[in-house]
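Colleague: Thanks for making time today! Could we go through this model together, one feature after another?

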Amino acid sequence: MISGPLSENVAGRLTFELADGADARTVLNEPAAPILDYDNVRIRGKLLGEFETAAGLLTLDFLAEHQQGQTPQTRNSVQTPLVTGRPLEDRILDGDLAGPLGIPARTFDTETNVLSLDAGLDLGAGTLRGVFSFVDDEYVSIPEQTYPFPFDVSERILTQEILYEFGPSDRVRAGQFGGLVGLTFEQRDQRTDLQGLLAFSSDSETDSRSVFTDLRYGITDQLTVFGGARVLDFNGRFDQSSSVATPGGVVSGTQNFEIDETEFLPALGLAYYFDEDTVLSGSVRTGYNPGGSSVNIFTGQPFTYDSERVATAEVTFRQSLPEFGFRYGVTAFHNWHEDPQLYAELVPGNRASLQVINQNEGRSYGLEFDADWQATDRLNLTGALGFLQTEITEASAFNPDLEGNSFGQDPNVTLSLGAVFEINDVWSIDGRATYRGAHFNDFNEVDEIGDYWIVDIGATAQFRNFEMRGYVTNLFNETGVTRLVGGGTFADVTEPMTVGFDVTARW
């Protein structure tokens, strides 16, 4: 990376990155092809400018980025002992045991281009900002892939946003008013083409427009009311088709789906400051996730799913105790879901039944704790603990027996503990242990996953303008399962033990 001033008003930065390597899986009975190799080149340029104008100080932040390389579709998807007879720790993919649909080892040639501009004008009473971004990416399966069907996806995303920010940027006092108002527009075009015995094509266009506000007002020095709203208009068009060659002939399906919805999403809350270091707040808000459609590429059957809406209530208490170097927070939340969108094998063990489906109603609720303690001048301790419960309170008609089941993919308990110890002015050591509790793979509550610890350690040396760091992630090489597919024949697992060393020089 090189950066510095280009003129009195403009600074620039140019970054070049190259990543190259192979993942830790072992592929048996594969064609002679580098399907596990990955490489990526990224070039990023950035310009920052500040200019005095008659209206006020104008700041410009321009970014351009280009990435390309070869990337495996999944770096941690393996076959389980059910088909290989070998432990998960061996990370095996065996082409002879893959079945007619192959193994999930597709590898892509990728290319991504990004442009963005963030412009701000300080008007004195507030700041007017405009944000523009454009993303163009494509990934095409390499000819040597072991998964038997070529795959090509391209996507373009255009986002524009205008904001006006005013008032204090943090806490407001009695009679003070602050916040922001804005509008945003996003357009997304995506094209997918899958060829071969199993063919699928999709052409989708979505755009959303919204007007929003987020405001804060100090009723007194201690009591603040905050809230806002978003009016969102979402439009989508999906044209999809598939054909699958089966022993009984070709099964085809088409889907032409359109969605046009306008949502009003309000939020309201109160915060009470007992003092500068203690605050209690509560809020209610609503959310929205648009619906969509697809065609099951295994069966050729089209399907749609409805939009999901959620109402959330949340209470948070935060306190800092500077005399003890201690800070902590507690958050309780409850979500009420209408038509929650869940992804699972509708028939457990049948990979061809993977689909997004709405349940009628659901809820999720939990508690979160986090803390930071500067125990001594050289020792810092951090921790976080989360409890979560999910429940399908009203199941859809396709299987009423799911009522009372969890959503799946949501651990009931998560825990994180970390420490940093500065041995002296040069050396420091650090460690973190993270636990993900047991939970079900999906709403069918058939397969249980999770229940594992990941431990990371590191050591850092800093002197003059140099920093050197050595680290080990997943110190005990824990192979935790994060997802199962195909009746437990395939598993997504945690990253393996990784040893690394970084050197950074600044001048």
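Colleague: What volume does the largest cavity have?

Modeller: Before the value, a word on the basis: this is a predicted model, where local features need pLDDT of at least 70, side-chain atom pairs count only at pLDDT 80 or more, and totals for chains, interfaces and linings use all residues. Residues are numbered from 1 along each chain as its sequence is written, and side-chain values use heavy atoms, with hydrogens and water left out. A cavity here is a set of points, on a 1 Å grid over the protein atoms alone, where a 1.4 Å probe fits but cannot get out; points are joined across faces, edges and corners, and the volume is the space filled by probe spheres set on them. For the largest cavity that volume is about 60 Å³.

Colleague: How do the residues of its lining divide into nonpolar, polar and charged?

Modeller: Lining residues have an atom within 4 Å of a point, and they include Glu345, Pro348, Asn441 and Leu484. Ala, Val, Leu, Ile, Met, Phe, Trp, Tyr, Cys and Pro count as nonpolar, Asp, Glu, Lys and Arg as charged, and the others, Gly among them, as polar. The lining divides into three nonpolar, four polar and three charged.

Colleague: Is alanine 64 buried, partly exposed or exposed?

Modeller: Alanine 64 sits in strand β5 (residues 57-72), strands being DSSP runs of E with at least two residues, numbered from the N terminus. Buried means under 20% relative accessible area, exposed over 50%, and partly exposed in between, with a 1.4 Å probe and protein chains only. At a relative accessible area of 26%, alanine 64 is therefore partly exposed.

Colleague: Why does the pair of phenylalanine 238 and phenylalanine 257 count as tilted?

Modeller: Rings of Phe, Tyr and Trp (its six-membered ring) pair if their centres lie within 6.5 Å; planes under 30 degrees apart count as stacked, over 60 as edge-to-face and the rest as tilted. Phenylalanine 238 lies in strand β13 and phenylalanine 257 in strand β14, and both are buried. Their ring centres are 5.9 Å apart and the planes stand at 40°, so the pair is tilted.

Definitions and conventions:
Helix = DSSP H or I, 4+ residues; strand = E, 2+ residues; numbered from the N terminus. 1 Å grid on protein atoms, 1.4 Å probe; cavity = no way out; pocket = protein on both sides within 12 Å on 5 of 7 lines; lining within 4 Å.
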